[in-house]
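Take a look at the structure below.

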Amino acid sequence: MSEEHHITPLKTYLLVAGTLFFLTAVTVWASYIDLGSFNIVLALLIAGTKAGIVATFFMHLLWDDKKNATIFVGSLMFLAIFIGITMTDTEFRGAVNPEIKDPINKRAAFYNSLPLTDDHGYPLDKEKNHHEGDKDHH
Amino acid sequence: MSHDKSSPDHLYHHFYDVDQQYETSKLGMWAFILTEVLTFGGLFVAYTIYRAWHPDMFFNANLLLDVNKGLINTIVLIASSLTMALAIWAIQLNKRKLSLLMLFITFLCALGFLGIKYVEYEHKFHLGQLPGEYYSYMGPEVVQQIHDQEKIDSYIASNNIFFDKETNRLYTMNNPHIFFSIYFIMTGLHGLHVAIGMGLIAWLMVLTARGRLHAGYYTHMEAVGIFWHLVDLIWIFLFPLFYLIG
């Protein structure tokens, strides 16, 4: 064997774990602040940072032959393609055919345990006639 | 490290030397990790699609999850990742007893994780917060009275409306059964990985106790370590995506 396996110093591991605990606290703290749609972006940024730290240090990718890191990054790239191309379909369905824009339109089974409305969601008793006129679009 | 270059016991005949054997094993492990990323990836795609289609559904159903339990599990899993890394560190320095101790703590953390998960699942099973057609919970977190008359039509369009005879009012709920389908399949598959990881860690403890693993040969531990860190890595995403939204 030409070179020995890298032995990461104990200090590095403890520092890495400390950082992970700290970032966990940050992400919980950040979730209680209303940042609108930026909340999810921030949560994913922190999770991505944590994941990067785990892969780099705990999974030893930093000291490995780079082929291992290439495989891992490759898997993430394929995942990005998977998500990206799927979203180009699911996010723009309504643009082509408005009929299929809302995918969940079948009544879920547990609603059937509440036989209190008709097929269009209107109450079965006296209020039914009240709404009769405006359900034509269903 | 002092590899006996001549021909150590643990060198299989189809490898040129122990170094090549070690690198090959790790490459194989990383190829497996790739399939794991894509397996969970499919579920993350499902999550992304439904989250994009129905953000309200996630915000409402999220109220039924206990952030504290999720946070404790996150801390437990990060701690177990640290002890797993330290078990490898110890074996690299030939500290077998320390390595064994670290593996044992990792095992206990995994057990603790599944214990907390069991309490969570048990509670949800009891309340009927179940996936798909088995869902039956109608608590105030997911059921909202419709005050805005103009919104009624849009609720009717999505068919998520029902009428309560006793209060004589219209109510809606945002498909929590779909949220729980995604929640149970993702955390369930992750929990299965934790359980499998426990078995692998127990196997490592046996190998270490028997003296099969040492500073010159710890490939099993390195490979299981990579697997275990992946389990941690996936939970790092599951925690904010399920527990910290809304």
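Q: Leaving aside its neighbours within four places in sequence, which residues is B:F179 in contact with?
A: This is a predicted model: local features need pLDDT of at least 70, side-chain atom pairs count only at pLDDT 80 or more, and totals for chains, interfaces and linings use all residues. Residues are numbered from 1 along each chain, chains are lettered from A in the order written, and side-chain values use heavy atoms, without hydrogens and water. Contact means heavy atoms within 4.5 Å. For B:F179 the partners are B:M57, B:F58, B:A61, B:N62, B:L65 and B:F242.

Q: How many residues does the largest nonpolar core have?
A: A nonpolar core is a set of buried (under 20% relative accessible area, 1.4 Å probe, protein chains only) Ala, Val, Leu, Ile, Met, Phe, Trp, Tyr and Cys residues joined through side-chain atoms within 4.5 Å. B:F179 and A:F58 are among those with the most contacts inside the largest core. Its size in residues is 92.

Q: Which helix gives the largest share of this core?
A: A helix is a DSSP run (H or I, at least four residues), numbered from the N terminus. The largest share is 17 residues. They come from chain B, from helix α7 (residues 219-243).

Q: Is A:S31 buried or exposed?
A: A:S31 sits in helix α1 (residues 10-31) of chain A. Its relative accessible area is 14%. Therefore A:S31 counts as buried.

Notes: Helices (H or I, at least four residues) and strands (E, at least two) are DSSP runs, numbered from the N terminus. Buried means under 20% relative accessible area, exposed over 50%, partly exposed in between (1.4 Å probe, protein chains only).
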